[in-house]
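Colleague: Please take me through the reading of this model, feature by feature. I would like the general idea before each case.

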Amino acid sequence: MSDKSSQDFLGSATGSVIAWWLPIGAMLLAIPLSDSPKTVIWLLALVWMGGACLLNARRCGRVHCRYTGPYLLAMTLPVLGYGTGLMPLGDEGWLGLAVGGGTAAIWELSERFMGRYR
């Protein structure tokens with residue numbers, strides 16, 4: 001195991017669950033809730049995951065974390081706008097797809113073209 005991979009949160013099941021899978025689970029469980037609690041849960045989860053990505057990028061140099069961290073933090077703005085009614089976006093399904101699909105695309109493309117660690 002390389003030095004960088006040993007510092008990677010994704011390298012351990014515990015780190016991965018705490019940093020990403022628990023917040024993702026919370027977001028999924030919040031889908032049927034009304035807008036106010038759903039907005040709070042999604043905001044907290046996005047900030048948690050974005051912060052974990054930025055910390056992981058700093059710890060081990062994981063390439064996708066450099067980009068997914070800011071992306072997840074930026075996605076708090078449309079979530080907040082939708083949840084407060086300032087941005088009537090219609091069906092919220094696209095917002096979940098933008099968060100999940102965008103994160104997955106950034107992850108895959110950045111590591112495919114730039115490698116796993118820098």
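Modeller: Contact means that heavy atoms lie within 4.5 Å of each other. Applied to Thr103, and leaving aside its neighbours within four places in sequence, this gives contacts with Thr68, Tyr71, Leu72 and Ala98. Thr103 itself lies in helix α6; helices (H or I, at least four residues) and strands (E, at least two) are DSSP runs numbered from the N terminus. The model is predicted: local features need pLDDT of at least 70 and side-chain atom pairs count only at pLDDT 80 or more, whereas totals for chains, interfaces and linings use all residues. Residues are numbered from 1 along each chain as its sequence is written, and side-chain values use heavy atoms, with hydrogens and water left out.

Colleague: Is Thr103 buried or exposed?

Modeller: Buried means under 20% relative accessible area, exposed over 50%, and partly exposed in between (1.4 Å probe, protein chains only). Thr103 has a relative accessibility of 17% and therefore counts as buried.

Colleague: How does one judge the length of α2?

Modeller: The expected span of a helix is 1.5 Å times one less than its number of residues. Helix α2 runs over residues 13-30, so its 18 residues should span 26 Å, and the 24 Å between its end C-alpha atoms agrees with that.

Colleague: Where in α2 does a kink lie?

Modeller: The bend at a residue is the angle between axes fitted to the seven residues ending there and the seven starting there. In α2 there is a kink of about 35° at Trp21, shortly before the proline Pro23. Pro23 is also among the buried residues of this helix, together with Gly15, Ser16, Ala19, Trp20, Met27 and Ala30. Their cover includes α3 (35-60) and α6 (93-114).

Colleague: Let us turn to helix pairs. At what angle do α3 and α5 pack?

Modeller: Two packed helices are described by the angle between their axes and the distance between the axes. Axes are lines fitted to C-alpha atoms, for helices over the stretch in contact, and angles run from 0 to 180 degrees between N-to-C directions. For α3 and helix α5 (residues 76-84) the angle is about 170° and the axes are 9 Å apart. This makes α3 roughly antiparallel to α5; under 35 degrees counts as roughly parallel, over 145 as roughly antiparallel, 65 to 115 as roughly perpendicular and the rest as oblique. On the α3 side the residues are Asp35, Thr39, Trp42, Leu43, Leu46 and Val47, and they meet Thr76, Val79, Leu80, Tyr82 and Gly83 in α5. By class, this contact of α3 with α5 has seven nonpolar, three polar and one charged residues. Here Ala, Val, Leu, Ile, Met, Phe, Trp, Tyr, Cys and Pro count as nonpolar, Asp, Glu, Lys and Arg as charged, and the others, Gly among them, as polar.

Colleague: How far apart are the axes of α4 and α5?

Modeller: The axes of α4 and α5 are 4 Å apart, at an angle of about 15°. That angle makes α4 roughly parallel to α5. The contact joins Leu72, Leu73 and Ala74 of α4 to Thr76, Leu77 and Pro78 of α5. These residues of α4 and α5 divide into five nonpolar, one polar and no charged.

Colleague: Which residues of α5 are buried?

Modeller: In α5 the buried residues are Thr76, Pro78, Val79, Gly81, Tyr82 and Gly83, and they pack against α3, α4 and α6. For Tyr82 the relative accessible area is 17%. The C-alpha atoms of Tyr82 and Gln7 lie 36 Å apart, the two residues being 75 apart in sequence. After α5 comes Gly85, with a positive phi near 85°.

Colleague: What covers the buried residues of α4?

Modeller: The cover includes α3, α5 and α6. The residues concerned in helix α4 (residues 63-74) are Val63, His64, Cys65, Thr68, Gly69 and Leu72. Gly69 counts as buried, at 0% relative accessibility. Beyond four places in sequence, Gly69 touches Gly50, Cys53 and Leu54. Between Gly69 and Ala57, twelve residues apart in sequence, the C-alpha distance is 8.5 Å.

Colleague: What does Asn56 touch?

Modeller: Asn56 is found in helix α3 and is buried, with a relative accessible area of 0%. Not counting residues up to four places away in sequence, Asn56 touches Gln7, Asp8, Phe9, Trp20, Gly61, Arg62 and Cys65. Asn56 and Phe9 are 47 residues apart along the chain, and 6.4 Å separates their C-alpha atoms.
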